[in-house]
Structure formats: C-alpha cells, structure tokens
Amino acid sequence: AFLAETAGAEVVKRFTQKLDQANSVTYVGKGKLEEIKEYIRSEEEAEREIGMVIFDDELSAKQIRNIEAELKIKILDRTSLILDIFAMRAQTANAKTQVELAQYKYMLPRLQRLWTHLELDRRIILNRMSLLKDRLAEIDKQKATQRKNRGRLIRVALVGYTNVGKSTLMTLLSKSEVFAENKLFATLDTTVRKVIIENLPFLLSDTVGFIRKLPTDLVDSFKSTLDEVREADLLLHIVDISHPDFEEQIEVVNKTLADIGASGKPMILVF
C-alpha cells in the first residue's frame, strides 16, 4: 500500500488470500478473482471507478494476461510498481541507466503481451540492454577511480530499510542538506560526504534503502550504487524502532547485505 501511495496511487481496498502456493494461472484462486471482479463492478456502478489492481508479488506474463482478461483492468505487479517508483526517483545519468536496464530485464520475458512484431523488438531491446551494460561498466570504472582518489579515509555507509531515516541522519551528521522525504526510495544515488567528528575525519555515504521482495533485476542493476556498501569499512544499520515490523525489516536488510556480498563487515545497529 505504501509503495502504491509513493507512486501516486490511492489505495481504496485490499484483498488477501491464504494459499499454500500461488495459482499458476491467475495467482489468486478462482473465487477470490471473482470477488475482486465483483468489487470493481459494484464500484463502477456507484461511479467510483477503480483504475488499477496491484498484486504484492511478481506475476508471470501468463498470470498478468489471464487476470487482465478476467478483470478487464490495468494490472501491476510488485516488481513493475517498484520499477515505476525507481524511474520517477532517478535523477542522475547513473540512476537512470540502472533503472532502464532493470526495466528491460523485467520486460523481456513479458514481451508477448506488449507487441506483435516480437523478434524485432527482442533484438532492439537486447541491443539496448548491452549498450546500457557498457555504459554502467564505464560508470563503474569512473566510480572506482573516484573511490581510489578519495585516499585512505575510513568509509562509513548508512544502510537500512527504505524510509527509516538514513538521509535525515546523514543531514545531521554531515551538517549539509541531503534530500530526504517521507517516501519509499527517496534516495537512489549514493551521496558521499566528508564528516569530521572530534577531529576524526571519515567519509559517510547514504545508500538506496532496501525493501522486502526487492526485484533481483534491480539489485543487479544497482551494483555500482551498492559498491559503496561493499567497500565501506563500517556499516551503520539504521532501524526505525517505532515501526511495528522493525524486526522483519532488520532481517530483510541483513539478507540483502548477504546477497550483495557485504555481510561480514563491522556493523553498528542504530535504533
């Protein structure tokens, strides 16, 4: 729901279903799909039109096709929602390239429902992807050089779930304005600041927030941004202790750190 609101949608109704495993044809069961359809119809009759149904998981091309045919409404899955938010948030060339690559990776297996002249589009997209990969490799090189040039200052990276207050803390510690707002993924690009506390100089970097079920394509595409985390000497794991699910959020961050190969580092939990 918070993802949907961040993307500018208004959430009016939520459906949940307990299943041992998702239905391979329609993700939810037949009865549940009927219930959703009925709700959309009754809202339309009351002149409150529903514009979209969002699923809190990644759907296959087949599932999207079948659900759309049944509900006759735009369907978004969790991954495309997160990609949309990342696309809205991307400011720099680096972030834009990373997001675009992740979007193509997501689109490729789902092409059939988008276009009829499939082979041509596959080729165009694959070419574009290889171009973006080259561009990211180039950016990686530049970033690595920048990191080398910063010399041997101790490097501290702020990590944590999205929207826990990393950027706000960064602003306080570095006494410089860093973009922060109460939305998911407000920070996509790593900000690095030189900070001096009690005559001890170090580099502090603010990184993209983690979230449960973060699409793998995004983690791959954001490699250069996450290098700041990999190369840090110390991680400050920021936790929003007022959040009801803070324990689950800690687990998600630890798992993501393990996924990107940064789990063995010295870490301070900051509540």
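## A walk through the predicted chain

E47 is found in the loop between helix 2 and strand 1, where helices (H or I, at least four residues) and strands (E, at least two) are DSSP runs numbered from the N terminus. Although E47 is not a glycine, its phi is positive, about 60 degrees, and the residue is exposed, with a relative accessible area of 73%; exposed here means over 50% relative accessible area, buried under 20%, and partly exposed in between, with a 1.4 Å probe and protein chains only. A second residue other than glycine with a positive phi, near 65 degrees, is N199, which lies in the loop between strand 4 and strand 5 and counts as exposed at 75% relative accessibility.

The model is a predicted one, in which local features need pLDDT of at least 70 and side-chain atom pairs count only at pLDDT 80 or more, whereas totals for chains, interfaces and linings use all residues. Residues are numbered from 1 along each chain as its sequence is written, and side-chain values use heavy atoms, with hydrogens and water left out.

Taken as a whole, the chain has 10 helices and 7 strands, and its C-alpha atoms fill a box of roughly 65 × 45 × 35 Å along the principal axes. Of the 271 residues, 43% are buried. Where contact means heavy atoms within 4.5 Å, 63% of the contacts between residues at least 6 apart in sequence join residues at least 24 apart.

The interior can be followed through its nonpolar cores, each a set of buried Ala, Val, Leu, Ile, Met, Phe, Trp, Tyr and Cys residues joined through side-chain atoms within 4.5 Å. The largest of these has 55 residues, and F55, I67, L71, I75 and L257 are those with the most contacts inside it. Helix 4, residues 78-89, gives the most to this core, with 5 residues. Leaving aside residues up to four places away in sequence, I67 touches T26, Y27, L33, F55, L59, K72 and I75. A second, separate core has 9 residues, among them L101, I125, M129 and L132.

Helix 7 (residues 166-174) has K166, S167, M170, T171 and S174 as buried residues. Seen down the helix axis, these buried residues fall within an arc of 140 degrees, so they line one face of helix 7; the arc is that of the directions from the helix axis to the C-beta atoms. They pack against strand 3 (154-160), strand 4 (191-197), strand 5 (200-206) and strand 6 (234-238). Helix 7 is followed by K175, whose phi is positive, near 50 degrees.

The largest pocket has a volume of about 1,500 Å³ and is lined by 47 residues, of which A1, R14, I54, F55 and D56 lie nearest its centre. On a 1 Å grid over the protein atoms alone, a pocket is an open set of points with protein on both sides within 12 Å along at least five of seven lines, a cavity is a set where a 1.4 Å probe fits but cannot get out, and lining residues have an atom within 4 Å of a point. At least two lining residues of this pocket come from each of helix 1 (2-6), helix 2 (30-45), strand 1 (52-55), helix 4 and helix 10 (246-259). The largest cavity holds about 60 Å³ of space and is lined by F86, V208, G209, F210, L214, L218, V219, F222 and L226; volumes are the space filled by probe spheres set on grid points, which are joined across faces, edges and corners.
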